[in-house]
Amino acid sequence: MKNKWRILKILVTVILFGFLLSFSLKRFNNAKMENVSINMNQSKTPVYFIDEKDIKDLVKQYNPTRKIGDVKIPELEKKINENPFVDSANVYMNLNGNLNVDIKQRVPVFRLSKNGKDFYVDEKGVEFPISRNFSYPCMLVMGDVDASEYQELGQLVEKIDKDDFSKKYFIGIKKEKDSYNLLTSDGNYKVEIGDLENIDFKVKGFKTFVEKYLVYQNPNKYKKISVKYNNQIVTTLNPYFKENDSILRNAPKIEIKSEVESHKTEEKKSEPKAEPKKEIKKAEPKKSEFKKESSKPKKVEKKSEPKKSLDKKKETSSKSSSDKKKKQK
């Protein structure tokens, strides 16, 4: 009997607890949602692609009655995560009836200009569009960059941002064909690094070149400084720079003149080789003209023969007339 009473007590308490729970749940669901708290998890550099007002508008769309029971939390969370500026979102309800929305926005690593379109790329290599409300300051990358290279480019940009020397000189990255170039703020030259391998070694090579040589020179005289080769730096001079290179200015004048003269003599020697060919081609029509001119006098000589015979006849006739006059005398 004692066991039966215990069982009845347990059943009664469970029923009462269930009734109270259902009653409280109905009351809780019918209650109005008092507050919506939106927490933007910011990184070291704050990002403002999304406004709190935009999130509250979404909450109103998925809860027009503003009742706690009418909030569709899974659908609202999915909708927020579909936003291109959101990295992750978490939506949950407190016992006080407050709706909490925790949002982590995407942080751009660089801005890519590709095929006439501009967009951001985050550290995970995910593309997302540019916002009209907010512009994030980051490295500009130009050229036909493959999506498989986004993370490596992101690592390169992070290394440049952490290094004070690189951050001072490099302001952009441009891909030309299959080679990457770093655009600089000092002068009009670019630093060719080739592929994205051994970046630390290549940046150190450029740093030594700047500290030992470029500091004492005018940077505008260079068009390109290549560090993509192993253990060597190749420079290309700017053809529009008026002043001479330091090596040429420090060199003796005789050597400079001899180099120029030898260059000119080589050009002059190379020119006459083409002239005899032109003369031979032009000489062929002259021979044909000479033949034609020589043939004309032959025809003239043939026509001149009757004239000579006429002259002879006139002479004979004149002689005969003179003989007749003598006889008459």
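**Briefing: pockets, salt bridges and strand pairing**

Helix α4 provides the largest share of the lining of the largest pocket, namely four residues. The structure discussed here is a predicted model. Its largest pocket has a volume of about 810 Å³, and the second largest pocket holds about 190 Å³ of space. Across the whole structure, a search finds twelve salt bridges.

**Largest pocket**

- The lining of the largest pocket consists of 25 residues. Those nearest the centre of the pocket are Ser43, Thr45, Val107, Pro108 and Tyr136.
- Three elements, β3 (98-105), β4 (108-114) and α4 (150-162), each contribute at least two residues to this lining.
- Sorted by class, the lining of the largest pocket comprises eleven charged, nine nonpolar and five polar residues.

**Second largest pocket**

- The residues lining the second largest pocket are Met33, Glu34, Asn35, Val36, Lys56, Val59, Lys60, Asn63 and Arg66.
- Strand β1 (35-41) and helix α2 (52-61) each supply at least two residues of that lining. The largest share, three residues, comes from α2.
- The lining of the second largest pocket divides into four charged, three nonpolar and two polar residues.

- Asp87 and Arg106 form a salt bridge in which the closest N and O atoms are 3.8 Å apart. This pair links distant parts of the chain: Asp87 belongs to strand β2 (residues 86-93), Arg106 lies in the loop between β3 and β4, and the two are 19 residues apart.

**Salt bridge Glu192–Lys224**

- The side chains of Glu192 and Lys224 form a salt bridge with an N to O distance of 3.6 Å. Here too the pair links distant parts of the chain, with Glu192 in strand β10 (residues 190-194) and Lys224 in strand β11 (residues 222-226), 32 residues apart.
- Glu192 is buried, with a relative accessible area of 9%, whereas Lys224 is partly exposed at 26%.
- Elsewhere, salt bridges with shared partners join Asp87, Lys104, Arg106, Asp122 and Lys124 into one network.

**Salt bridge Lys174–Glu176**

- Lys174 and Glu176 form a salt bridge, and the closest N and O atoms are 3.7 Å apart.
- Both partners are partly exposed: the relative accessible area is 30% for Glu176 and 33% for Lys174.

**Pairing of β7, β8 and β9**

- Strand β7 (residues 139-142) runs parallel to strand β8 (residues 170-176), and three bridges join the two. Within this pairing, Val141 stands opposite Ile173 of β8.
- Strand β8 also pairs with strand β9 (residues 179-184), in this case in an antiparallel arrangement with six bridges. Gly172 stands opposite Leu183 of β9.
- The hairpin of β8 and β9 has two residues between the strands, and Lys177 in this hairpin takes a positive phi near 60°.

Technical notes. Residues numbered from 1 in each chain as written. Predicted model: local features only at pLDDT ≥ 70, side-chain atom pairs only at ≥ 80, totals over all residues. Heavy atoms only, no water. 1 Å grid on protein atoms, 1.4 Å probe; cavity = no way out; pocket = protein on both sides within 12 Å on 5 of 7 lines; lining within 4 Å. Points joined across faces, edges and corners; volume = space filled by probe spheres on them. Nonpolar A, V, L, I, M, F, W, Y, C, P; charged D, E, K, R; others polar. Salt bridge = Lys/Arg side-chain N within 4 Å of Asp/Glu carboxyl O. Buried < 20%, exposed > 50% of the residue type's maximum accessible area, 1.4 Å probe, protein only. Pairing = 2+ DSSP bridges.
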